[in-house]
Amino acid sequence: MTQYLMAIDQGTTSTRAIIYNTQGVPLWQSQREFGQHYPEDGWVEHDPEEIWETTLEVCRQVLKKGHLKAGDIAGIGITNQRETTLVWDRVSGEPIYNAIVWQDRRTAAHCEALKQQGREGMVAARTGLLLDPYFSATKIAWILDKVEGARARAEAGELLFGTVDSFLLWRLTAGKSHKTDATNASRTLLFDIHRQCWDEALLELFRVPAAMLPQVEDCCADFGVTDASLLGAEIPLVAIAGDQQAALVGQACLQPGMAKSTYGTGCFMMLNTGEVAVQSSNRLLTTVAYRLKGEVSYAVEGSIFIAGAAVQWLRDGIRLIPHSSVTEALAREARESGVYLVPAFTGLGAPYWDPNARGAIMGLTRDTGIAEIVAAGLQSVCYQTRDLLLAMQADGAQKPGTLRVDGGMVVNNWLVQFLADMLDVPVERPEVTETTALGVAYLAGLQLGIYQTLEEIGSLWYGDRRFEVEMEEPQRKVLYEGWLNAVERVRTNR
Ligand code: G3P
């Protein structure tokens with residue numbers, strides 16, 4: 001019997017389900033975008049019911065596209081936008097507030113207050129993270145403090161917390177399974193990445209009752225089965241990984257020293273550091289890359305909040321372009337202009353960590369046109385990647401021999417060439433650029449015994465194109481210095 005694997009990829013702007021064969025070839029996919037809510041400056045929310053409904057819908061649609069039944073799917077893996085925080089009623093399953101999205105900055109003052117109390121050192125030593133609103137803990141506290149009666153109900157064990165993976169798992173199993181995996185847990189600010197457990201002192205610091213927390217499993221585990229009423233029959237749920245960690249697996253960066261960068265809504269660069277949890281001195285994050293059979297591999301991560309979202313803003317926000325596909329031709333046509341776009345719409349992430357910074361376009365002249373602004377938007381993504389690479393090198397990492405890139409933006413050849421030029425590192429693009437879903441499908445296959453080892457998974461990686469460095473150092477230097485000047489002008493925390 002043919003065996004298929006299904007990946008659910010619940011991202012920041014869309015939900016997808018993809019069915020793969022056991023060679024990792026995507027056969028059918030279904031995708032739905034959903035609403036973004038911005039109730040106040042710097043706030044970003046999702047409707048949990050929309051997250052759930054789009055998930056169910058894409059799973060049903062993708063089965064239909066393949067003329068498959070639930071029984072044809074050997075197992076499902078879930079990968080997800082990380083850190084986004086949900087709290088729901090243990091009995092009714094109803095969320096008590098919208099999902100507070102990872103990009104949301106509403107808890108900036110809470111984080112600042114904890115920093116002033118000198119707590120960041122202890123938090124970073126245990127979690128590998130920093131005190132920034134990006135992560136889940138202060139978002140949970142905000143919900144418990146602001147929703148009437150929530151704190152008392154949480155303390156009485158009536159409420160559950162989960163990142164999106166846990167929420168979907170809980171719904172898919174009709175409330176039978178309240179679990180997460182170590183990669184998602186490692187993004188909450190509540191999880192000790194060295195001891196691999198929820199940390200009592202952190203729970204106390206952020207005032208989060210332990211009774212709310214999901215059980216933490218390996219990435220490959222028995223997470224439960226889908227309720228038969230949802231997809232026609234039960235399907236085993238066998239893998240979970242945060243989307244950036246899943247992309248690391250999908251890119252087969254499975255050896256220490258290998259790096260990938262994913263260009264979705266944001267950009268996330270990860271360097272596999274193997275069994276060593278490297279503590280950054282340059283404000284990068286230490287995170288769980290994957291945990292298999294209890295063994296943890298770590299990564300250093302640089303997180304940029306706005307990458308593809310800058311193009312989305314050019315399209316939907318100020319309507320400069322009708323479709324993202326026109327950006328490549330426009331960038332080719334742009335003059336060398338000295339225009340810089342700093343997309344700090346929701347503050348700046350690594351290595352600046354400035355939640356109060358806001359975006360800017362600088363260097364405009366009378367002859368600046370749409371093409372120059374679009375090019376500056378694409379270039380901003382590459383400059384930010386260089387910021388991360390330099391921070392990793394300052395932490396002692398070797399410059400990688402190549403960087404593997406993926407995500408929606410990398411279909412743009414102009415962007416990837418500029419990236420290679422700006423990094424001074426050749427960039428490799430895989431044949432399958434949607435590596436997030438692929439990575440969790442591989443993890444599902446590992447749990448089901450379809451693949452025996454990570455090496456076997458690594459052998460399935462195929463490159464599509466390699467972009468060599470073409471720019472000379474003097475030009476790179478001038479362009480990047482212009483970027484650093486532009487960033488300095490929007491920063492608030494120098
Ligand atoms: O940390 C946030 C990240 O997981 C979101 O990823 O692909 O939805 O931009 P993406």
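How many of the residues of helix α10 are buried? Eight of its eight residues are buried, and α10 is mostly covered, where buried means under 20% relative accessible area, exposed means over 50% and partly exposed lies in between, all with a 1.4 Å probe and protein chains only. I will come back to that helix, but let me begin with how this was worked out.

This is a predicted model, in which local features need pLDDT of at least 70 and side-chain atom pairs count only at pLDDT 80 or more, while totals for chains, interfaces and linings use all residues. Residues are numbered from 1 along each chain as its sequence is written, and side-chain values use heavy atoms, with hydrogens and water left out. When I say helix or strand, I mean DSSP runs numbered from the N terminus, with H or I and at least four residues for helices, and E and at least two for strands.

A pocket, on a 1 Å grid over the protein atoms alone, is an open set of points where a 1.4 Å probe fits, with protein on both sides within 12 Å along at least five of seven lines, and lining residues have an atom within 4 Å of a point. For the volumes, grid points are joined across faces, edges and corners, and a volume is the space filled by probe spheres set on the points.

Several elements each supply at least two residues of this lining, among them β2 (14–20), β3 (26–33), α10 (243–250) and β14 (259–263), and the largest share, five residues, comes from α11. By class, the lining of the largest pocket divides into nine nonpolar, 23 polar and ten charged residues, where Ala, Val, Leu, Ile, Met, Phe, Trp, Tyr, Cys and Pro count as nonpolar, Asp, Glu, Lys and Arg as charged, and the others, Gly among them, as polar.

The second largest pocket has a volume of about 510 Å³, and of the 25 residues that line this one, the closest to its centre are E336, Q379, W414, F418 and Q475. Here α14 gives the most to the lining, with five residues, and the lining has twelve nonpolar, six polar and seven charged residues.

Which positions does the UniProt record mark as "binding site"? In an unreviewed entry, UniProt places this feature at R82, E83, Y134, D243 and Q244, and the lining of the largest pocket takes in R82, E83, Y134, D243 and Q244 from this set. Please bear in mind that UniProt positions are given in the numbering used here, that feature names are shortened, and that annotations may be inferred rather than shown by experiment.

Let us look at three of these residues in turn. R82 lies in the loop between β5 and β6, and R82 counts as buried because its relative accessibility is 2%. The side chain of R82 makes a polar contact with the side chain of Q245 at 3.2 Å, a polar contact being a pair of N or O atoms within 3.5 Å, where within protein one must be able to donate a hydrogen and the other to accept it, and residues adjacent in sequence count only if both atoms are side-chain atoms.

E83 is found in the loop between β5 (73–80) and β6 (86–89), and at 1% relative accessibility E83 counts as buried. Y134, in turn, sits in the loop between α3 (120–127) and α4 (137–146), and Y134 is buried, with a relative accessible area of 0%. A polar contact of 3.3 Å joins the side chains of Y134 and E83.

Now back to α10, in which D243, Q244, Q245, A246, A247, L248, V249 and G250 are buried. Q251 is found in the loop between α10 and β14, and Q251 counts as buried because its relative accessibility is 0%. Leaving aside neighbours within four places in sequence, Q251 is in contact, meaning heavy atoms within 4.5 Å, with residues including K260, R404, D406 and W461, and a polar contact of 2.8 Å joins the side chains of Q251 and D406. The C-alpha atoms of Q251 and T436, 185 residues apart along the chain, are separated by 8.5 Å. Finally, α10 is followed by A252, whose phi is positive, near 55°.
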